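Here are some notes to read alongside the model, in the order I would look at things.

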Amino acid sequence: MKYFIKSFRNFYSTNTYLSIFVFFWALFALTNSGFDNSEGLFHYQVAVQILKHGQLGFDTLPNGVFQEAPNGRFYAGHEIGNTLFLLPTALINILIENIFSTFVSQETIERIQQFILSFQPGVYSAITVTTFFAILKLEFLQATIPCFIATLCLSLTTYFWSYSRNLFDGVLCATLLVLSFFFLLRYFQISNLWYLFSCFICLGFGLITRISMSLAILVSFAYLVSFLTSHLAFRIKEILLALLTLVPFVIWQLWYNYLRTGLFYKSPVQTPIYAENNTLDGNIFVGITGLLLSPGKSLFVYAPLLILSVLLFRKFYREYPKEAIYVAALTILWFLLHSRLRTWYGAWGWGPRHCIIILPIMFLPFAVYLAYILKKTALKMIAIFLGSFGFILGLCSIISNWHFRMMYAQQRGLLIKDRFVWSLWNNQLVDMLESGFGNIVRTITHAPIITIRNYSKANEYASSTINVWANSLIYAGVPWYIALLLVIILLMLMYFSLQNILRHQPLKPSKKLTADG
């Protein structure tokens, strides 16, 4: 046992990527709210149904995103991907229920299960940013410290931070997309077919999580085909391998569509019940303008450092043309598709939620040239200003609760699209800034909390004060010293991980990513 602990300690202290993962997992865990209000809860219901009863469907209609299938049973309208990744957490929660149900109340068990479940998106997010760090370090040959700072910027100055505690399936898709891009780049560095296989495995899971991930598959194939000029026969073999890797996922999706709608080519999200959010009959010019310029939902508001990605894109293209085309093609296709939706901003969500999936990819030009930015006074000042604004907005969204704020606005009759999206002074951005600072004042002054319908007292308290799990645990009656001990453990993990990161000497990869990939 001592040998095992010593070996792990040595591995942890010398492995930068493990230290990066632990640091960001602890950070996201520290700022987690301890509960979730997203549609991921319905995906979790299906995971529990699979483990308890071995079935995908329900005999009676559950609350949420479920509808009746031709066979008379009720199935989730969303795809299966997020559910599959929730199976381990669901298994742990079922075991907890079986062990403690004889002497602990069902209400307490459900609170514990909800608490455990709420940390899963933080795991997704930690994997995403660790992979993002690896892309910068291994594929773009950036030094450790700039890589770490750029990864911090992605994590803390964009709305990625808020979604690190949200089970929205787009968070999982962001993880799968970044992993797929890493494996794709790695394949052209090392020429190991396992990397290519891993890339399209990730994209396959992405496809059965959100159908829009087919755009990422298309762009990845284009990147692969861009190398066809050399070793034509081998490149065709690569394409065949990629296609064969995707076949099981496509077959599953077609069968799952048929089970739920009676049509193999139609998912429930394409049926009239979801028309308000998913029908592609919106005004594309309004959608693109909104994604870029609207005060309440612009991508540049919720990820302001993307402005520098745009400014530096020409330089990025000159040095890494194929990777730049990948970033640009994915971004343009994503914008064109989602700007056609009636609710191009993602309906109920924090910021333009559909774009959270491709945010790390769009962030690459800024991240790759962070060291360059820090040497240029004008660019450095712009980065500091934009990053500071993004951090303040992100911190307010952590202190508060965007779902609670939208429910509160709806209760007061203020949740109007034109107002929350286009109004200059009464949009979601301003509402969150006011809420964040208001919650701090309310916490200090012990002012009355905000109450709304269909929210528990604990959630009302947390959403009206400081919306992190430690505050909620103390409010629920857990001794403050236990909450403090847990916080200290997470802070220590962050501290030791940071020590490992800062003392690590960068390795020199054997081959540089060139303009030819």
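1. Let me begin with a helix pair: H3 and H4 cross in a right-handed sense (right-handed if the near helix is turned clockwise from the far one by less than a right angle, left-handed if anticlockwise). Helices here are DSSP runs of H or I with at least four residues, strands are E runs of at least two, and both are numbered from the N terminus. The angle between H3 and H4 (residues 81–100) is about 65°, and their axes are 8 Å apart. Axes are lines fitted to C-alpha atoms, for helices over the stretch in contact, with angles from 0 to 180 degrees between N-to-C directions.

2. A word on provenance before going on. This is a predicted model, in which local features need pLDDT of at least 70 and side-chain atom pairs count only at pLDDT 80 or more, while totals for chains, interfaces and linings use all residues. Residues are numbered from 1 along each chain as its sequence is written, and side-chain values use heavy atoms, with hydrogens and water left out.

3. Back to H3 and H4. On the H3 side, the contact (heavy atoms within 4.5 Å) is made by Gly 40, His 43, Tyr 44, Val 46, Ala 47, Val 48, Ile 50, Leu 51 and Lys 52. H4 brings residues including Leu 86, Leu 87, Ala 90, Leu 91 and Ile 94. By type, the residues of this contact divide into 11 nonpolar, 5 polar and 2 charged; Ala, Val, Leu, Ile, Met, Phe, Trp, Tyr, Cys and Pro count as nonpolar, Asp, Glu, Lys and Arg as charged, and the others, Gly among them, as polar.

4. Thr 83 counts as buried because its relative accessibility is 2% (buried is under 20% relative accessible area, exposed over 50%, partly exposed in between, with a 1.4 Å probe and protein chains only). Not counting residues up to four places away in sequence, Thr 83 touches His 43, Val 46, Ala 47 and Ile 50.

5. Next, look at Leu 61, in the loop between helix H3 (40–53) and strand E1 (66–68). Beyond four places in sequence, Leu 61 touches Phe 66, Gln 67 and Phe 74.

6. Among the residues that make the contact are Phe 21, Phe 24, Trp 25 and Phe 28 of H2, and Val 123, Ile 127, Val 129 and Phe 133 of H6. The contact of H2 with H6 holds 13 nonpolar residues, 4 polar and 1 charged.

7. Which loop holds Ser 118? Ser 118 sits between helix H5 (106–117) and helix H6 (120–139), and it counts as buried because its relative accessibility is 0%. Its side chain makes a polar contact with the side chain of Asn 32 at 3.0 Å (a pair of N or O atoms within 3.5 Å; within protein, one must be able to donate a hydrogen and the other to accept it, and residues adjacent in sequence count only if both atoms are side-chain atoms). A polar atom of the Ser 118 side chain also lies 2.6 Å from the backbone oxygen of Phe 115.

8. Leu 141, between H6 and helix H7 (144–156), has a positive phi near 55° without being a glycine. Ser 191, between H9 and helix H10 (193–207), is likewise not a glycine and has a positive phi of about 60°.

9. Now the core. The largest nonpolar core has 127 residues, and those with the most contacts inside it are Tyr 159, Leu 177, Phe 200, Tyr 326, Leu 330 and Phe 363. Such a core is a set of buried Ala, Val, Leu, Ile, Met, Phe, Trp, Tyr and Cys residues joined through side-chain atoms within 4.5 Å. Helix H9 (residues 169–190) gives the most to this core, with 14 residues. Apart from it lies another core, of 13 residues, including Leu 56, Phe 74, Tyr 75 and Phe 249.

10. Finally, helix H23 (residues 402–411) is largely enclosed by the rest of the structure, because 8 of its 10 residues are buried. At its start, a side-chain oxygen of Asn 401 reaches to within 3.0 Å of the backbone nitrogen of His 403. Just after H23, Gly 413 takes a positive phi of about 75°.
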